[in-house]
Amino acid sequence: MRTLLRSPLRSSLRQSLVRPLTSRSSVFDPVSLFSNGEQGAFYLPEPENLFQDAAGTTPVTADGDPVGLMLDKSGNGKHATQGVSASRPVYPGLAYDGVGGSISAPVPASGLFDLMVAIRPAVDETNFIIATGADVSRYVFAADGSSSTGVSNNSGSPVYVVNGVSVPRSRRALRAAVTNGEWALVEIQDINVDLWGGEMTLSGYDTAGWRFHGDIGDVVFRETMTEDERTNVRKALAAKYGITL
Amino acid sequence: MKTQYSQTLTLAVPEHLIQQANHLACLMGESAADIETFRQATYTNGTVNYAVAHTVCKPVVTDALSTLTLPPDPDHVPPEYDRTQAEAAVAAIQSGEILVAANVDPHEQFAAWGLTPIPVEEPM
């Protein structure tokens, strides 16, 4: 009988380094971006907003708990869920193992949106995609070491900004803009979701090598913001995650 | 407070056993959606293609799989669930066709099993 390989019990959990430097922004609350009914969502992956199951019956309370439901704090009710147990990211934050984790949320059927997300690729991360639509042929932020300019597909012509600096539309440039083991603030501006099938999946590319391996923090998904709004979010998330702009 | 999900499981399922593995995942898992745990093969050993998964889990799951003892069918199983399929998956674990490991780094384990990502030039 083939037995399970057993190694000494070793936690696969990230420890305190996953937590940002401050638990909450003290300057600007992204919830205010939706005060006039603006479309989109705001995800804050902290226990009060997280549940282990997609139905929301069992709260996340400890490091290592799976995340099956992440509440949208914008008031739009665009909660993110993952029904498959083995595909759930893990708290703290959203920790992805680079194998098959993802979480999905409904998005409007059409329009232009900004996606601002704090990410920390794992120390051994290679290439990855940050977000896809309902079909993986719709994606944004494809980052690897190649010279390809195919950084997005079926998503309009998004503009990329990392840590407050514009990044050219090439996979190599996107990959070089984020450092493994360090938090980065990724902005994908003016995503056209007309072809996204009403759904956004964070790290949802079902091909080995393109799955995100690392941590995802706060996520702001809002109909195209003004430059002042972008600046406010940028400064708030940079302060929270210790990112130098 | 400590998590109840103190263990991890890493699995590699040959493409032709994906259906059986999904019924086992549903039995051992926590929701009806677990019957769709394995979708497509993304790794290969050069001869056989594998669908893979890595997940946190409770000790009851790793204990059951280490002894190949299936629990009773839980309430969450969907109508299409078939225990005989789950039992077939257990037999495949026993024979070594389905690869399983507990509490390991998945990427290191895939390499140890001789598995590499199925080459994909770029996202479609």
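Select chain A and display its surface: the accessible surface comes to about 9300 Å², of which 52% belongs to carbon and sulfur atoms, with areas taken from the Shrake-Rupley method with a 1.4 Å probe, where for residues only the protein chains shown count as cover. This is a predicted model, in which local features need pLDDT of at least 70 and side-chain atom pairs count only at pLDDT 80 or more, while totals for chains, interfaces and linings use all residues. Residues are numbered from 1 along each chain as its sequence is written, chains are lettered from A and ligands numbered from 1 in the order in which they are written, and side-chain values use heavy atoms, with hydrogens and water left out.

Staying with chain A, colour by secondary structure to find 2 helices and 15 strands, which are DSSP runs numbered from the N terminus (helices H or I, at least four residues; strands E, at least two). Of the 245 residues in chain A, 57% are buried, meaning under 20% relative accessible area with a 1.4 Å probe and protein chains only.

Next, select helix H2 (residues 227-241) of chain A and pick out A:Arg230 within it. A:Arg230 counts as buried because its relative accessibility is 5%. Show its surroundings: leaving aside residues up to four places away in sequence, A:Arg230 touches A:Asp114, A:Met116, A:Glu187, A:Gln189, A:Asp190, A:Thr224 and A:Met225, a contact being heavy atoms within 4.5 Å. A:Glu187 lies 43 residues from A:Arg230 along the chain, and their C-alpha atoms are separated by 8.9 Å.

Finally, for the confidence of the model as a whole, the scores are ipTM 0.95 and pTM 0.92.

Conventions. Buried < 20%, exposed > 50% of the residue type's maximum accessible area, 1.4 Å probe, protein only.
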